[in-house]
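Keep the structure open beside you as you read.

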Amino acid sequence: MGSGSIKILLAITQAFALTMSVAFIVYVVVIVVPYLRRKPAPVGDATDFTWHFFVPCRDEQTVIRETVRYLRSTFRHAHVWVVDDDSEDRTARVVKSIWRRNGGYDPYLHLVPRRRPEARTGKGDALNAAYQALNFWMGPDASRDDVVVVVVDADGRPAENCLEVCAADHLFGDETIGAVQLDVWMGNADSRPPGRNWFSRAFGLKLAQLQDLEFRTAIAAIQTSRGFTGTISMGGNGQFTRLSALDSIAGDDEQPWRGSLLEDFELGVHLLTAGWRTGYTPDSHVKQEGLYSLRRFLVQRTRWGQGTMQCSRYLRRIWDSPHVSTLGAAEMMYYLAQPWMQLLGSLLYPIPFILLLFTTAGDPAQVWTWFADDGAWILFAIYGSFGLLPFIVWGPIYQFKCLKSRNLLRGLGMGFAYALYIYTFYITSWRALFRLVRGRNGWSKTRRNTEHAPGVKVALDS
């Protein structure tokens, strides 16, 4: 391989380096800067609304007791609807025991039982069951405009100020806002997990911290930037939705949530295309459990990636909607393209290095001259650096803004670890594609850190 190969390699590397450089500059201006400049907003009066927490549960006996107790003690005038999705453990029994211990009848605590074959078909179906139970409980003549449904995972801990924050004039105080998403934190980001050895404990803790970094910086920044495009997405935890907004998309079957594995984003698509606006606030948060296990993490992210692929069926709906701006439609399409771009990127990004390998094998002397005399190493350095910087930048930001620490070296270390963490999505995108092609669209529940493998019995107090 001679000078022709060198020229091809040079052109490809220059194109990739230029693309990476421009993309990073745009990334900083559009996403990083608005996130860093944002200031806290005024709060509202939580008593202006009636609040109903939906807690979908499938085999959640290890966490549901403390979650229900937290919700009932923190938000005393909010209703809690626990959906037992035909759990094979003692989830329902745990909830009933709390109900009994509260004096025999707690009018604010409700259990929605589901049984197979209708049950265990996905989180969206479980939430629909809670929505239908709420409709029956309220009756046909009840006022619905001031009712807000809050989706909380079985391990979720919404912050004490979340109701007054969401009641603010710029959120549910605005009648055009149909849904609001809270910031998401990992409640165990500073809790070292149990493990057999030092490495497993250190790895588990770092994985939980990287999930905390991802949600509190990169995802929070993206949500902030979506405020300009009007396409703020919903999350599966800390999701607040006006009941009248759910009514508008529920249809005759009373099913506002649909069948995608990414039911939260799917809900947002239907709300936005129906004419509702969505909001996001980092002024309050919901804590959840970060995963310590890489295997469980990959299962979770594979499901999210597959759900995003499934939602590609809404591209035409988004583009044709008169309620979504051209910029907003472009942003949503970019999001839906992410797993497909990761698949493509896993094939394209290595091209310069593969060509370099073959060129070196054919003519090592010429390649060495190209690097030493022509400065080709600069192009490869730019290519590599700008491919990593959009991820590395969040390490110091997380350290300074979220942890209130001035340890720059630790922040840079977190940034490099986050870059490696992000590259696992190339793996999960391929796994999601294989599941999609094989027609494996079932819900793969992510087991909790304290949850034992299937078949292992755990004794709980009744």
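Strand S2 is largely enclosed by the rest of the structure, because seven of its seven residues are buried; buried here means under 20% relative accessible area with a 1.4 Å probe, protein chains only. Strands, like helices, are DSSP runs numbered from the N terminus, with at least two residues (E) for a strand and at least four (H or I) for a helix. Both faces of S2 are covered: His79, Trp81, Val83 and Asp85 are buried on one side, and Val80, Val82 and Asp84 on the other. In general, side chains in a regular strand alternate between the two faces of the sheet.

Before going further, a word on the ground rules: this is a predicted model, in which local features need pLDDT of at least 70 and side-chain atom pairs count only at pLDDT 80 or more, while totals for chains, interfaces and linings use all residues. Residues are numbered from 1 along each chain as its sequence is written, and side-chain values use heavy atoms, with hydrogens and water left out.

Two strands count as paired if DSSP finds at least two bridges between them. S1 and S2 pair in the parallel sense over six bridges, and cysteine 57 has aspartate 84 in S2 as its bridge partner. By contrast, S6 (residues 177-186) and S7 (residues 239-242) run antiparallel and are joined by three bridges; there, alanine 179 is partnered with threonine 241 in S7.

In S4 (residues 147-151) you will find valine 150, which counts as buried at 1% relative accessibility. Beyond its neighbours within four places in sequence, valine 150 is in contact (heavy atoms within 4.5 Å) with Trp51, His52, Phe53, Phe54, Gln239 and Phe240. Valine 150 and tryptophan 51 are 99 residues apart in sequence, yet their C-alpha atoms are 7.2 Å apart in space.

Serine 284 sits in S8 (residues 277-288) and is buried too, with a relative accessible area of 1%. A polar atom of its side chain lies 3.4 Å from the backbone nitrogen of cysteine 162. The contacts of serine 284 outside its sequence neighbourhood of four places include Ala159, Val165 and Leu182.

What about cysteine 162 itself? It is buried, at 0% relative accessible area, and its sulfur is 6.1 Å from the closest cysteine sulfur, in cysteine 166, too far for a bond. Cysteine 166 is likewise buried at 0%. The whole structure has zero disulfides, a disulfide being a pair of cysteine sulfur atoms within 2.5 Å.

Stepping back, the chain has 16 helices and eight strands, and 52% of its 462 residues count as buried. Of the contacts with a separation of 6 or more, 83% are between residues 24 or more positions apart.

Conventions: Buried < 20%, exposed > 50% of the residue type's maximum accessible area, 1.4 Å probe, protein only. Polar contact = N/O pair within 3.5 Å; in protein donor to acceptor, adjacent residues only side chain to side chain.
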